[in-house]
Amino acid sequence: MAGDVVGQALSRVDARLKVTGAATYAAEHRLEGLLYGVIVNGTAARGRVSGIATDAARAHPGVLHVLTDFSSLKLAHSSTELVFYGQPIAVVVATTAEAAAHGASLVETAYDRQPATTDLDDPRATSVTAPSNPDYSRGDPDGAFGSAEAKVDLEFTISRENHNPIELPSTIARWEGGKLTLWDKSQWVQGAARTVAGALGVPEQDVRVHCEYVGGGFGSAIRAYDHVILAAFAARQAGRPVKVVLSRRQFFYGTGYRPASRQRLALGAGTTGRIDSLIYEVRTETSRYEQYQEGLTDLPKFLYGVPHTQTRYRLTAIDTQSPASMRGPGVVSSAFALETAVDQLAHDLGIDPIELRLRNEPTRDEVTRLPFSTRRLRECYELGARRFGWARRGAALGGRTDGDLLIGMGMATAAYHNNRREVGSRARVDADGTATVATATSDMGPGTTTSVMQVAADALGLPARQVTFRLGDSAYPVAPPHAGATTMASVGSAAHSSCTALRNKFIGMAVADTASPLYRADPAKVAVGDGRLTSGENGAADTYRAILGRAGLPGLEATATWGPGDTDTRISTYGYGAVFAEVSVDPLLGLVRIRRMFAAYDVGRVVSPKLAHSQAIGGMVGGIGMALLEGTVTDHRDGRIVNAGLADYLVPVNADVPELDAAFIDTEDPLADPIGVKGLGEITIVGVPAAIGNAIFNATGKRLTDLPIRLEALL
């Protein structure tokens, strides 16, 4: 990939728009005749609405409609029975947001309640095999564990976590004839168009979704939830545009969440530290109406070279809304179990935790038997240990103090599959020499608008200031969800392909044009840089602007589709990392504070160093929340979430986030994709809770296996 824009530590191209308030988010679009919709949520986890009184709401000034019949809609769950607490049962539409909210509070309901199970650990709940995660085994795990000289067998619980980005779920819907336009907070505009079209029974091509800016998603906006569909439904019923914005409390019921999990991880090893057996069993919660599952078994099967390995994954259906992806879905949860168990084994054997991991490095992917595209994990360990000062860690538990505080260091390994999906891209250079590249992806915060622009600029040989990347419109070329650390490898590769095709079009025009200085030049020897096409044969040069001017064209464009093809049948491609944490523990109060963290990553080519570093820091902050703060509490009498709000649901604040830093191994992965990158968004949270837990163990000698770690566990 020629050029020098990739690798520059550029600031976000939309940063000024965001910090000055000029960026327009979904709820901020102004439409003539806009009405406001507020959802009324059911307060039973299971049953049926036996009566709903709407007269008072309808009589409230400003209220125009109270919609209660959703039977014509195809929702993910039943529209006639209640299947989770908080399920929408009505939409109040009014001329102001205040009138709609007050009208919603006037709706009174009665229920025929049925016995509900809302607890993952309720013995009445039934569990089934996760369909896409069948039981896996290689070798003789039980036999090898039984005869092992050293054994670790731990059980883990992780609480449910809810997404809490700054931007609330928001949708504006407008019908014009039979055409529907949505301005929606979405990580997948084309998926939202498909879902809403299916729910309303209209052709998908008649639905267009816009989302240029996303104020944080973390998985909460991958799918179009009820509020999106109901906004479109209400707008059709009202004959005017309708805006629906969920409250923070409604957010906890209106979208998905990281499912609670129960895990067992057992390791058997020899005294040299060679792990011979691994047994992993996991159970997660799901709704009764959907089977949501995550990649929890991926790392235990793959990360270390264990000849005897077994994994089992079960789903427990309860009366709740369906879970959803949350940063590092599945992998961060199983990494906590795996990396905690490995740390315990290292302690039991008296081997340094990094050394134990190095002794169990595989030479190939033990699951697929494929070679690694790149696996520079050893260098991550070395870089991380050196930069973090791992040599100062004392092996003796509780051996380091700072006044009355106990000080501990811990580390953990991170890995995440390098996901790539098929993407379409359209590139265009206009007569003024500026370029625009477009695809229907989203940017929920990592800086996709900037990083893809950098790839496009190098492929076209243009300065960064002359290239714009457009996204967030379902009418643009096809793109997958902005999730799963998929975007840079997939969208970036597609942008590279379309821009390369466009550059070659210009070269072809120039060498065939008798008026061009490049006439009859060898196309293979024409280079492009700073908007100039130059021939290595005689130094002749042309420009995009001149080529278009001579041809009398306002612009030239090219489209391309890129996908990984059969690459994953030939190589195993993952991102890797080593995460280090130092904590202090007050033994009298049980209070844990993060003192500093550092992580080293092998994620292929780093397109935008400033944005990559920001991603790493953001992942660490999320991992701190998962380790020490975040946990959704449910009242199992009716399924109500007790702490549905930021006053009670704790997320990290500035005081919780100390010295955080990250670095990246100088490498690329050309076997995986043409721009040599690996996904970064997910891996940066993986390993963080385990590193924190391992640091607490080093400080106190207490092995904690429940998340979040609460002070009472340390008293």
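Modeller: Happy to! The largest cavity holds about 80 Å³ of space. A cavity here is a set of points on a 1 Å grid over the protein atoms alone where a 1.4 Å probe fits but cannot get out, and its volume is the space filled by probe spheres set on the points, which are joined across faces, edges and corners. Please keep in mind that this is a predicted model, where local features need pLDDT of at least 70 and side-chain atom pairs count only at pLDDT 80 or more, while totals for chains, interfaces and linings use all residues. Residues are numbered from 1 along each chain as its sequence is written, and side-chain values use heavy atoms, with hydrogens and water left out.

Lining residues have an atom within 4 Å of a point, and for the largest cavity they are Phe84, Tyr85, Thr118, Arg160, Tyr253, Asp319, Thr320, Gln321, Thr634, Gly639 and Ile641. Sorted by class, this lining has 4 nonpolar, 5 polar and 2 charged residues. In that sorting, Ala, Val, Leu, Ile, Met, Phe, Trp, Tyr, Cys and Pro count as nonpolar, Asp, Glu, Lys and Arg as charged, and the others, Gly among them, as polar.

Thr634 sits in strand β29, residues 634-635; strands are DSSP runs (E, at least two residues), numbered from the N terminus. Thr634 counts as buried because its relative accessibility is 18%, and buried means under 20% relative accessible area (1.4 Å probe, protein chains only). Leaving out residues up to four places away in sequence, Thr634 touches Thr118, Arg160, Gly639, Arg640, Ile641 and Val642, where contact means heavy atoms within 4.5 Å. By contrast, Thr634 and Ser497 are 137 residues apart in sequence and 49 Å apart in space, C-alpha to C-alpha.

How many cavities of 30 Å³ or more are there? The count comes to 3.

Conventions: 1 Å grid on protein atoms, 1.4 Å probe; cavity = no way out; pocket = protein on both sides within 12 Å on 5 of 7 lines; lining within 4 Å. Helix = DSSP H or I, 4+ residues; strand = E, 2+ residues; numbered from the N terminus. Buried < 20%, exposed > 50% of the residue type's maximum accessible area, 1.4 Å probe, protein only.
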